[in-house]
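Here are my notes on this one, as numbered points. Have the model open while you read.

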Amino acid sequence: SSISTMLMRPDWVMAIQSQGRTMVDYFINIVLKNEAVNWAAFVSSGVSDVDDARTVDLMTGGGHLTLFEREVAREGATVRLRTGIRALLDALRPNFDIVLIDCPPGLSVVTESWLREADFYVSPVVPDHLSAYALEVLNHFRGRDPELGFAENLGLIINMKEMGSAADADHERRDAA
């Protein structure tokens, strides 16, 4: 996950991955192996480098997400994945003020499950045509199967905007509309 590499030293991330303590490892245990595991064993505490924010905890994503998703699809385990995500969020809510989930771009089985179980989402976008199209796809996707639920959209975070770029300003206006 990009957040883990910003908040943790790379050698710490590698150690967590080698110990099998990533978010993907957590879900492999509960979804594919059907084993009960304690979520707290997969969380690293006090990872922020900001002096006044020492209460930040992190569950590192893991580099083998695509392989995990392939196994979930092969085994027809998407319902178990959603159930596992729901159970994890239910366990986290009483322990944390805010739970942020950083999903990779695109709509995958895991991202869909998070979006259907989370309370809210924010879309980070680059002010370009591809991001505008991706937001249209996401809005269309959100409208499919409404009975399955979907997180509430809190808006956009526009990043990597080039100051003074007329094209970026034009895309920002269209994305905000």
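1. Start with N34: at 62% relative accessibility it counts as exposed (over 50%; buried is under 20% and partly exposed is in between, with a 1.4 Å probe and protein chains only). N34 sits in the loop between α3 and α4 (65-75), where helices (H or I, at least four residues) and strands (E, at least two) are DSSP runs numbered from the N terminus. N34 has a positive phi of about 55° although it is not a glycine. Most residues other than glycine have a negative phi.

2. A word on what you are looking at: this is a predicted model, with local features needing pLDDT of at least 70 and side-chain atom pairs counting only at pLDDT 80 or more, while totals for chains, interfaces and linings use all residues. Residues are numbered from 1 along each chain as its sequence is written, and side-chain values use heavy atoms, leaving out hydrogens and water.

3. D145 also has a positive phi, about 50°, and is not a glycine either. You'll find D145 in the loop between α7 (129-143) and β2 (152-158). With a relative accessible area of 34%, D145 is partly exposed.

4. Is R116 buried or exposed? R116 is buried, at 6% relative accessible area, and belongs to helix α6 (residues 109-117). Leaving aside residues up to four places away in sequence, R116 touches R82, F141, R144, D145, L148, G149 and F150 (contact means heavy atoms within 4.5 Å).

5. Now the helix pair: the axes of α3 (residues 23-32) and α5 (residues 78-92) come within 9 Å and cross at roughly 120°. That makes α3 oblique to α5 (the class left over after under 35 degrees for roughly parallel, over 145 for roughly antiparallel and 65 to 115 for roughly perpendicular). On the α3 side the contact uses Y26, F27, I30, V31 and L32, and on the α5 side R80, L81, G84, I85 and L88.

6. How many aromatic pairs are there? The count comes to 6, with ring centres within 6.5 Å as the criterion; planes under 30 degrees apart are stacked, over 60 edge-to-face and the rest tilted. F27 and W114 make an edge-to-face pair, 5.9 Å centre to centre with 75° between the planes. This pair joins helix α3 to helix α6 across 87 residues, and both F27 and W114 are buried. Ring pairs also link Y26, F27, F42 and W114 into a cluster.

7. Last one: Y121 and F150 have ring centres 5.8 Å apart and planes at 90°, so the pair is edge-to-face. Y121 is buried, and so is F150.

Notes
Axes are lines fitted to C-alpha atoms, for helices over the stretch in contact, and angles run from 0 to 180 degrees between N-to-C directions.
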